[in-house]
Amino acid sequence: MNQPIAIEAPLGATAERQAVVSSAGEAPGADWVIVTRGIKREYDMGGEIVRALRGVDLAIRRNEYVAIMGPSGSGKSTLMNVIGCLDTPNEGEYWLNGTRVSSMSDDALARVRNKEIGFVFQTFNLLPRATALHNVELPLVYAGVSADERKRRAREALSRVQLDGRMDHRPNELSGGQRQRVAIARALVNNPSILLADEPTGNLDSTTSEEIMRVFESLADQGQTVIMVTHEPDIAQHARRVVVLRDGLIASDDRRSAFVEKLGLS
Amino acid sequence: MPFLDAIRLALQQIWVQKLKSFFTLLGVMIGVTFLIAVVSIVGGMSRYMTEQLVGKIMAVNSFELRHRPNIDLGDHDDNYYRELRRRPRIKESDIEPVTSALPEGVLWAAVGNDNLSASSRYVAKPRLVLAFTVTDDYFTIKRMTPVSGRLFSPQEFARGMPVIVIGQDVANYFFPSLDPVGRELTIRGIPYQVVGVMEKQGSAFGISFDKFIVAPHKSPINRYVNAHGVIDAIMIQTPSREGMLSTMETVRQVMRARRGLRPSEPDNFSLETSDSALEFWNKIKSYLVIAGVALPAIGLVVGAIVIMNIMLVAVAERTREIGIRKSLGARRRDIMSQFLVESATLSTVGAALGVATGFAFAKLIAAVTPLPAAVELWSVFLGVGIGAGVGIVAGAYPASRASRLDPIIALRAE
């Protein structure tokens, strides 16, 4: 880390987090963006039951910048899908921004994804035939925003990621870093409660990765809640809090300083 | 997803893959082409039948007293024809009693016609012409006017002078590059003087209406045309349609009285109107419409199956796109409508092309065959509407499959 640690992540006291995850059935306070209580997720893989999540208790406050780490098979992708409202748990509660979303219908989840969550994927997942501007407009299309307003907000989001000059380019005319910044602009355009990034640097070289990490850093500084799923410790240590998952359970949940310390020891 | 955006997206999709889209649309296009062609031709024939052909055979608001129907193309059994053969003919002697019973303002003409051999000194070979013998009001009822020369004078009618007016074909054959007026045409050996040439009547289904000559009823060929005092018809025209029905009843009563028919006995004569001619046409038309709709329907079904397949392929190819859209908040109905609009647009474009080629086809048929064609505006809407309908039906299953994809699995697709 060549950057000095400016501020320590505003982590709540452990006791406070314990309290909020253990009061089952109760809506958490407005301060908590994400609260999961005993989330379990099992898959039936051709007769064999895979227990991907075996009871995850997680509480994330507004404005936190959290990395979810873990080796493959640890359940981090499943957790990301549940947090991102792409999947629903078999058991347990998931409260997103004060709403219990763990038992919602498909279409209700689609609305939640549209309003509350901004996704950033490893493979960018831009529509190849659409321009950068149109890609960024897409979430607004499904939110029912008028065409003029859509264009205005999409331009604004693209200039937030320094892509003013690239609005009419298609994804194949952009570099990897630029594509990922288009994806970030798309994730931000609806002012979501959380920015949810799945291995955001997995397809990028180290210089571009640093560039994307700086974008995340500055978004976090501006008060955006950021949750990043990764298996790379280098990337995870950019976050201000690191949750490590192992075998479908939370193995550790530390401030960055503690995580970096542990890394140094091992 | 807003409707117009979806259509724009679909049109882009078609444009990007022009050749593939063309083959996709071929089935719908051919179906609609034939539908439009058949509708245009049936429509053209229908208009022709009502406005031209029947009008030429039968004058407006008129009916004819005949011993049997002139236009009789329905399917009848032998008994019907046996009955027709037993009927007495309409005679010269019927004219006076029937016409004296007609109300004021009603026109009538006794008409006889037969194919007779004619010759002129200008052409070596004699030829058959359709010879009519008529009384005074015939030309008024039929609204026929000469293009050169004149019609008959009352004296020529009254005295049965050997004068004739002739049709265009007769003029062209017997008097090649000559003015026929004042010249002589010999009919069955009897010399007649041509006093007028009638305007062109045209043709229907390749049969010309211009091979006729008309002579006064009392003129010499009467003995051939109306042998033994038998005439073909008494043509009666009333000023209005309502008057026609009551006049028909009057004529019916006079004839029944003359024939001594008991109330239980049916008429042994026919009163023919243009309706009876049209009735037959309507029967043919209904068969044509059924065939004209059933055959293109096969094309449309094939077209629908092709579109359904193409849409299933599109859904498979764009699984990832569907995943992306779902992750960004597209609901089932958003995905559903996107693919439905796409398939409906695809099919409507095919139908629009089909309408265009259908019209071209109908025009071509009209140009190279005697069949007429009429291009109707409503058939454009019909064709395009069918296109959209086929697209929606064909797209329903693929669209519903797309909408039910699990976003997690869809995002993982390549």
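Which residue in β4(A) does Lys40(A) stand opposite?

Reply: Happy to take you through this one. It is Glu91(A) that faces Lys40(A) in β4(A). First, a word on the ground rules: this is a predicted model, where local features need pLDDT of at least 70, side-chain atom pairs count only at pLDDT 80 or more, and totals for chains, interfaces and linings use all residues. Residues are numbered from 1 along each chain as its sequence is written, while chains are lettered from A and ligands numbered from 1 in the order in which they are written.

Now step back from the pair to its strands. Strand β1 (residues 32–45) of chain A and strand β4 (residues 91–96) of chain A run antiparallel, joined by five bridges. Strands here are DSSP E runs of at least two residues, helices are H or I runs of at least four, and both are numbered from the N terminus. Two strands count as paired if DSSP finds at least two bridges between them. β1(A) and β4(A) belong to an open sheet of four strands, ordered β2-β1-β4-β5 in chain A, with antiparallel pairing. At its edges stand β2 (48–61) and β5 (99–100) of chain A, each with a single partner strand, so one side of each has no neighbour in the sheet.

Chain A also has an open sheet of six strands, in the order β6-β7-β8-β3-β9-β10, and its pairing is mixed. Here β6 (117–120) and β10 (249–255) of chain A are the edge strands, each pairing on one side only. From one strand to the next, the twist averages 20 degrees. Within this sheet, strand β3 (residues 65–69) of chain A and strand β9 (residues 241–246) of chain A run parallel and share four bridges; Ala67(A) has Val242(A) as its bridge partner in β9(A).

Where chain A meets chain B, the contact takes 17 residues from chain A and 14 residues from chain B, contact being C-beta atoms, placed from the backbone, within 7 Å. On the chain A side, α3 (106–116) and α4 (132–143) each supply at least two residues, and α3(A) gives the most, with six residues.

Over in chain B, the chain is divided into domain 1 (3–52 + 279–412) and domain 2 (88–268), with bounds from an automatic or database domain assignment. The C-alpha centres of these two domains of chain B lie 54 Å apart.

Finally, look at the helices of chain B. The axes of helix α1 (residues 3–16) and helix α12 (residues 332–368) of chain B come within 9 Å and cross at roughly 55 degrees. That makes α1(B) oblique to α12(B). Axes are lines fitted to C-alpha atoms, for helices over the stretch in contact, with angles from 0 to 180 degrees between N-to-C directions; under 35 degrees is roughly parallel, over 145 roughly antiparallel, 65 to 115 roughly perpendicular and the rest oblique. Among the residues of α1(B) in this contact are Phe3(B), Ile7(B) and Leu11(B), and those of α12(B) include Val341(B) and Leu346(B). The axes of α12(B) and helix α13 (residues 377–403) of chain B come within 6 Å and cross at roughly 150 degrees. α12(B) and α13(B) are therefore roughly antiparallel to each other.

Conventions. Two residues are in contact if their C-beta atoms, placed from the backbone, lie within 7 Å.
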